[in-house]
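Here is a short briefing on a two-chain model. Please look through the structure first, then read the points by topic.

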Amino acid sequence: MPSPALAIDDLTVAYGGRVVVDRLSLSADAGRVTAVLGPNGAGKTTTIECAEGLRRADSGTITVLGHPAGSSPARARVGVMLQDGGLPMARTATEVLSLVAAMHGRSRDVDPLLARLDLTDVARTPVRRLSGGQRQRVSLGAAILAEPDLLFLDEPSAGLDPQSRRLVWDLVRSLRDGGAAVVLTTHLLEEAEALADVVHVLAAGRLVASGSPHELIERFAGPDTVRLRPVSPLSDDAVARLAHAVGAATVGAGREGGRGAVVTLRHEPTPAFVAAITAWCVEEDVRLRALDVGGGTLEDAYLELTSPAAQSADHPVDRERAAR
Amino acid sequence: MNRVLTYARFEAVSALRNGEQLLISIILPALVLIGLGRSGVVELDLLPGQDRLDVVVPGVLGLAVLSSAFTSQAIATAFDRRWGVLRQLATTPLGARGIVAGKVLSVFAVQVVQVVALGALGLALGWRPEVAGVPGALLVGVLGSVAFTSLGLLIAGTLRAEAVLAVANLLWVLLLVGGGLVLPAATFSSGLAVVTAWLPSGAMGDALRLSLTGGGFDVVAAVVLAAWSGVLTALAAKLFRPTS
């Protein structure tokens, strides 16, 4: 069995005595997209920065393509797309990509890549005058132009319009199909579900679950899920009253649109249960935009895995962790 | 090495294309040279037979070193840091050391342009330097560049970009007026003159003036500059952070 492109073993990082990554072990294989998910403060950025060689670990080892993370042979075969761009604002896309190509020892013509990224028209425009989406695509170009064997993508489609997002996703898939290992960090669960072959979920510096999106949905969001989309987001109190009234556990209360914009309940969607929900809505004068029953999404699984309740004893997440 | 040279060229072109950096690197020093060299607005303590340009041009060349090595470099690096440019480049085969080496080389490249432009302006105005003192002046210029580049990287790597902008410009003005660069330390009151002579700016200004007027090599000033270079380089190496 080939060794993984990225192998993180027992990584621990602390800032000023506060442990932010706690004995974390995970891997990413060639020819696969591996998503690393977790709420803010979960330790994703620190972990990835250690793997990119930008930060030192307090203990543990990280091997990148068979070399220590951050070493010269590792850097030569890695591509990185940063969320904050990493682009010199006064220079053009052509100049930036040519510089990165030279850093990788390649004097390649960057025009075909600019065309592939739909940037030909702005190739000679200073980065500072590009739109957010155009800058994102220049950053992606800088990450992929050396045809890396391991690619780190941090929020690759944040702020992109739907067409640009599809373009980025198609590029990521083609890189994966070409044999590259892609490590993706994102807050867009839809993106992770669409792209990832393997998902690692972190919470409080620890790995709480790993598997394919399908496996995680099966294990943590299951078929017995009911989702409400109220016209106006529900307050935390209202969510608690609803859960109490219908006798169901709340899996999560959040999604695009803010907290309470979507409420997910874990319960078999029997007619009586659905009737209880609608009765509560009548009583509280809550208007619904949608009421879905059936299988959950990766977002439901993620919310379940990273909820405060997931840290308590006897929770399925802890039982799984203990079993490992 | 090719990577470092390519990055140095990229940085030097960025600096020479940037209007604000050109202003502080070449235009303002040129105005100081013309203003002090050819007007009596500031009284200078000249030796018999000495022209005002003998004092002013070496000082302005020192000011140019301060502008490119410290002020421009600190501001550019601080904004590179904020925009993630340093992080991005640190993940390429260039690496963190290559970034620093490239930045130092780019400073030297900009200084070649500065010396040519400001030296030519001085010669056109009638400055006649002592050619035998040029090697000593070059050594002093290199030591000053190392000290001020390290100081620039130190503040760029530890403060927020806006704070770097303010501090770098403020220090440029303070060292121009009272740092012993353009005006010799002896111009100031005795107390300030003692302090100024031990600053990297004062040591560089005095040593450049002595070398280029044929007065010999100022060993004490060179040692002071070398000590500042060592301390500031060590601090920058320890405290500089490519991420904000």
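The C-alpha centres of domain 1 and domain 2 of chain A lie 36 Å apart. Domain 1 covers residues 6–217 of chain A and domain 2 covers 223–295; such bounds come from an automatic or database domain assignment. This is a predicted model: local features need pLDDT of at least 70, side-chain atom pairs count only at pLDDT 80 or more, and totals for chains, interfaces and linings use all residues. Residues are numbered from 1 along each chain as its sequence is written, while chains are lettered from A and ligands numbered from 1 in the order in which they are written.

**Confidence**
- The model scores ipTM 0.80 and pTM 0.78.
- Chain B averages a pLDDT of 89, and 100% of its residues score at least 70; pLDDT is the predictor's confidence in each residue, from 0 to 100.
- Among the elements of chain B, helix H6 (residues 134–156) has the highest mean pLDDT, 93. Helix H8 (residues 190–198) of chain B has the lowest, 81.

**Chain A overall**
- Chain A holds 12 helices and 14 strands. Helices (H or I, at least four residues) and strands (E, at least two) are DSSP runs, numbered from the N terminus.
- Of the 324 residues in chain A, 47% are buried. Buried means that 20 or more other C-beta atoms lie within 10 Å of the residue's own; exposed means 12 or fewer, and partly exposed is in between, with C-beta atoms placed from the backbone.
- Among contacts in chain A between residues at least 6 apart in sequence, 69% join residues at least 24 apart. Two residues are in contact if their C-beta atoms, placed from the backbone, lie within 7 Å.

**A sheet in chain A**
- Four strands of chain A form an open antiparallel sheet in the order S2-S1-S4-S5. Strands pair if DSSP finds at least two bridges between them.
- The edge strands are S2 (18–28) and S5 of chain A, and each pairs on one side only.
- S4(A) and S5(A) run antiparallel and are joined by two bridges. Val64(A) stands opposite His67(A) in S5(A).

- Most residues other than glycine have a negative phi.
- Leu65(A) is not a glycine, yet has a positive phi of about 50°. Leu65(A) sits in the loop between strand S4 (59–64) and strand S5 (67–68) of chain A. Leu65(A) counts as buried because it has 21 C-beta neighbours inside 10 Å.
- Glu147(A) also has a positive phi of about 50° without being a glycine. Its loop runs between helix H5 (132–144) and strand S7 (150–154) of chain A. Glu147(A) counts as partly exposed because it has 15 C-beta neighbours inside 10 Å.

**Chain A–chain B contact**
- The contact takes 23 residues from chain A and 19 residues from chain B.
- On the side of chain B that touches chain A, helix H1 (2–17) and helix H4 (85–90) of chain B are the elements that give two or more residues. H1(B) supplies the largest share, five residues.
- The residues on this side of chain B are six nonpolar, nine polar and four charged. Nonpolar covers Ala, Val, Leu, Ile, Met, Phe, Trp, Tyr, Cys and Pro; charged covers Asp, Glu, Lys and Arg; the others, Gly among them, are polar.

**Annotated spans in chain B**
- An unreviewed UniProt entry lists residues 21–40, 60–79, 100–125, 137–159, 171–199 and 219–240 of chain B under "transmembrane region". UniProt positions follow the numbering used here, feature names are shortened, and annotations may be inferred rather than shown by experiment.
- Residues 60–79 of chain B are 100% helix and 0% strand, with end C-alpha atoms 27 Å apart.
- Residues 100–125 of chain B are 100% helix and 0% strand, with end C-alpha atoms 37 Å apart.
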